[in-house]
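Please open the structure in your viewer and keep the sequence beside it, so that each selection can be followed in both places.

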Amino acid sequence: MKKFIRATSLLIVLLGCYTANAQEQPGLRLAVAGLNHNHVYGILSRYRDGKANIVGIAEPNKALWQKFGKLFHIPDSLFFTDLKTMVLKKHPDAVLGYNAAANHVDIVEVCAPLGIPVMVEKPMAATLVQANRILELSHKFHTVFLVNYETTWYQSTNDIYKTVNGGAIGSIKRMVAHDGHQGPKEIGCSQEFLDWLTDPVLNGAGALNDFGCYGADQMTWMMHGERPIAVTAIARHYKPQIYPKVEDDATIIVEYKGATGEIEGSWNWPFSIKDFEVFGETGYLHALDTSHIVSRMREKIIGAKDVPSLPAPINDPIVYLTAVLHHQISGTDDQSSLNYNIIVMQILDAAKRSIQEGKRIVL
């Protein structure tokens, strides 16, 4: 029990750290699809605290109904085994996906024909085939589809984006992203989460999909949606006794016309890490975490700074989603957008092919 409480507390801290100061509009009618993704703790905490209006939850595993119903004081009337039944009865404004990456497309298959917007947890899908189907459905039925990354709401990376676009360090020449932690089992993720996260079909890979997607998304954003010309990757299996089915470490080299990106996603870091480095022609910027940046210009060290909180609606996933649905922002060319996340999936797919074939993959 103590281990469970510690794990639960850790997940709430990690997944809620970027939402604590959100200026939400609880009136948005939200539905949840799936409870087997530990990121769901964040939105359910909001529901418990009266900061999110959840009108229905679709989850086939009734054991999870009991678990989360008790933890977050959710009435039985909100639970359904079937997503379509739930949305037809509850008429949500949007559906939030907290299920296996391979099942994100199933949410869109149900919701897109009904005109219901969908936001899923990263990555967009387990495979590029699934991602292309999501793209097809979204375009066919003119529905919103978004992807939620924790790093999207980091004021540090947003500050770097503005600095680069302001021309302070010249054009981008190199980007490096380090993302991951000691391993999902090691940090105490729930068994229902581990069951699909460490499955090559349900997750599409191991650490490569789980944490490679962050860097791919940030680089696509920094490069304004530019499609890479080639991808080369290697995968390592340091802990086969813990993760027998999938790699636990991946390095991906992404080539652009004028820049190179290096994505390091791993379940073997000595600590949790999500940082991002950008090297320009005349300077260097390093987002150490959510709000701290160090910088250097040529041979002169400029120093470090703390970045203030982001303004709404770019400070939080639910505030952002609300703004998109209310047509206050487009949601078409940023880190959550469908346009950019298709490119993310192309990078991850090329990385997997590079590992399988042992060669550089030209896109």
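What follows is a short tour of backbone features, one selection at a time.

This is a predicted model, in which local features need pLDDT of at least 70, side-chain atom pairs count only at pLDDT 80 or more, and totals for chains, interfaces and linings use all residues. Residues are numbered from 1 along each chain as its sequence is written, and side-chain values use heavy atoms, with hydrogens and water left out.

Most residues other than glycine have a negative phi, and most peptide bonds are trans.

Begin by selecting K122 and P123, which are joined by a cis peptide bond with omega about -10°. Around P123 you will find the loop that runs between β5 (118–121) and α6 (128–141); here helices are DSSP runs of H or I with at least four residues, strands are runs of E with at least two, and both are numbered from the N terminus.

Follow α6 next into the loop between that helix and β6 (145–148), where H142 lies. H142 is not a glycine, yet its phi is positive, at about 55°. With 72% relative accessibility, H142 counts as exposed (exposed is over 50% relative accessible area, buried is under 20%, and partly exposed is in between, with a 1.4 Å probe and protein chains only).

Now select H224, in the loop between α9 (207–222) and β8 (230–236). H224 also has a positive phi of about 55° without being a glycine, and its 45% relative accessibility makes it partly exposed.

Finish at A312 and P313, where the connecting peptide bond is cis and omega is near 5°. P313 belongs to the loop between β14 (300–306) and α10 (317–325).
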